[in-house]
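Please look at the sequence and the structure shown below, and then read the report, which goes through the ligands, the domains and the cores in turn.

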Amino acid sequence: MNYIHEYQEKLRTPEAAVKVVQSGDWVDYGFGTNQPILLDEALAKRKPELQDIKIRGALTLKPRQIVSADLKRECFTYCSWHFSGYDRQLHDRNLCSFIPMIYRNMPRYYRNELVVDVAMICVAPMDKHGYFNFSLSTSATQAALETAKIVIVEVNEQFPRALGGREECIHISEVDYIVESNQIGIPELPVAVPDEIDEKVARLIVEEVVDRSILQLGIGGMPNAVGNLIAESDVKDLGMHTEMLVDAYLAMYKKGKLTNKYKQIDKGKSVWNFSAGSRELYDWIDQNPFLAVYPVEYTNDPAVIRQLDHFISVNNCVEVDLYGQISSESSGIRQISGTGGQLDFVTGAYLSRGGKSFICFRSSYTNKKTGVMSSCVVPTLPAGGIVTAPRTQAHYLVNEWGKVNLAGCSTWERAEKIISIAHPNFQNELIQHAEQMKIWRRSNKR
Ligand SMILES: CC(=O)SCCNC(=O)CCNC(=O)[C@H](O)C(C)(C)COP(=O)(O)OP(=O)(O)OC[C@H]1O[C@@H](n2cnc3c(N)ncnc32)[C@H](O)[C@@H]1OP(=O)(O)O
Ligand SMILES: CCCC(=O)O
């Protein structure tokens, strides 16, 4: 069949396409790199004639015009499922609201709970069969588009085509309007350069990785550093099953470490859900049968993850308290990022045969404005602090001072282990708190 005629019939200018948005609507911008550019600009221009437009996005990597055109939030209320650095700065200025979620449930939220009046997302160009590929953000995209009353796609030929899996594309028959933004570059993330602390942490994790391990690397600088060190190590025949596809996997592939040969499921395939990284990474993704993209209810399902032996999950946190509660998304009431998929992988990795979940962090944090150094091991999480992974799920904690396993430990054992990897400047004070909290035995090691 030839879909060119249908394509031409549905093609609109961005200004014409966004006319479907009505006051009171919920508008969905999709996820990460695939959020609209020209449609966002066109919608922002309608501020004088619209009221009460609520917008959902996530991990936004380019400035939003609906925000900068409406700094008093008179018309547009922008909400994010997971904060990027940009979203975080907006939230600090009260220009972005957070939507709490566990990432594996995101398709369920759309299908069972939410209203989407208009969805507008970037896609790769239509193929000869009439399909637009979701490219770097399979995420929960199909669920959002299924829920939407009106679907507008912004086609950009810069986006790679990602082979699935499933739920990686939409057919033109399901699309209401098409807009083209072919010349606009897609957002890239700089490849993190590891420092001495990243390397120390990476070495402690790499010694736990055995041949044929399956790897998940979370968002942030440190997990990427671990991946890059694994690429330089002697381990063989690694597998990939991850939510976020980052440059470290490409580094492992180039070094011949990533083969997926011995995976118990999805054998031969590197499984992922969304990506953000370099242009080289995006070119690697393009029509590559070595990679298979899946919706998040598959990649992040602990029941799927547990089927993969020696699953190694590496994620980052902001603070950990003496009970072993892990906060990876806030500092007190300041929302930093989100739960994302961290709890999904912490849970799934622990259930895998020989699986291990590592939460890595720096032992101290220096406030950029004041220069004051504080401990990232705290007695209890500060007021308003959000628990990302509860103490009942915590497995390994790793920082530049060492690595401890909390699973099955009593409160006094946890306190001892966690303080043993706290920054030395803060250890005595932490012991005093542990004593007051009745989680310190007389024989605990100091
Ligand atoms: C994506 C997957 O594959 S699956 C699951 C992974 N998902 C998760 O782990 C979700 C939660 N984790 C995260 O979001 C990240 O890993 C983070 C936030 C913990 C670390 O990410 P990074 O990008 O390395 O964080 P970074 O060091 O730049 O810090 C982010 C912000 O938090 C602030 N921050 C970091 N640590 C602290 C701290 N201890 N106290 C106060 N603020 C802190 C930083 O100052 C920075 O704020 P700024 O942008 O205003 O300067
Ligand atoms: C929601 C995407 C990012 C993450 O899981 O941390």
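## Ligand 1 and its surroundings

Ligand 1 is surrounded by 27 residues, and the closest of them are Ile219, Ser337, Gln342, Tyr365 and Lys368; a residue is counted here if one of its heavy atoms lies within 4 Å of the molecule. The model is a predicted one, in which local features need pLDDT of at least 70 and side-chain atom pairs count only at pLDDT 80 or more, while totals for chains, interfaces and linings use all residues. Residues are numbered from 1 along each chain as its sequence is written, chains are lettered from A and ligands numbered from 1 in the order in which they are written, and side-chain values use heavy atoms, with hydrogens and water left out.

Several polar contacts (pairs of N or O atoms within 3.5 Å) involve this ligand. A polar side-chain atom of Ser337 lies 2.5 Å from an oxygen atom of ligand 1, a polar backbone atom of Met244 is 3.3 Å from an oxygen atom of ligand 1, and a polar backbone atom of Ser328 is 3.4 Å from a nitrogen atom of the ligand. Taken alone, ligand 1 exposes 1,000 Å², of which the protein buries 80%; such accessible areas come from the Shrake-Rupley method with a 1.4 Å probe.

## Ligand 2 between two domains

The protein is divided into domain 1 (4–180) and domain 2 (196–436), with bounds that come from an automatic or database domain assignment. Because both domains give residues to the shell around ligand 2, this ligand lies between them. The shell consists of Phe31, His82, Met101, Ile219, Glu243, Phe274, Gly340 and Gly341.

Three of these residues can be described through their polar atoms: a side-chain atom of Glu243 lies 2.4 Å from an oxygen atom of ligand 2, a backbone N or O atom of Gly341 lies 2.7 Å from an oxygen atom of the ligand, and a side-chain atom of His82 lies 3.4 Å from an oxygen atom of ligand 2. The protein covers 93% of the 230 Å² of accessible area that ligand 2 has on its own.

## How the domains meet

The centres of domain 1 and domain 2, taken over C-alpha atoms, are separated by 29 Å. In total, 33 residues of domain 1 are in contact (heavy atoms within 4.5 Å) with 36 residues of domain 2.

The largest nonpolar core has 77 residues, and Phe132, Ile230, Leu245, Tyr249, Met252 and Ile285 have the most contacts inside it. This core draws at least three residues from each of domain 1 and domain 2. A nonpolar core is a set of buried Ala, Val, Leu, Ile, Met, Phe, Trp, Tyr and Cys residues joined through side-chain atoms within 4.5 Å, where buried means under 20% relative accessible area (1.4 Å probe, protein chains only).

Terms used. Buried < 20%, exposed > 50% of the residue type's maximum accessible area, 1.4 Å probe, protein only. Polar contact = N/O pair within 3.5 Å; in protein donor to acceptor, adjacent residues only side chain to side chain.
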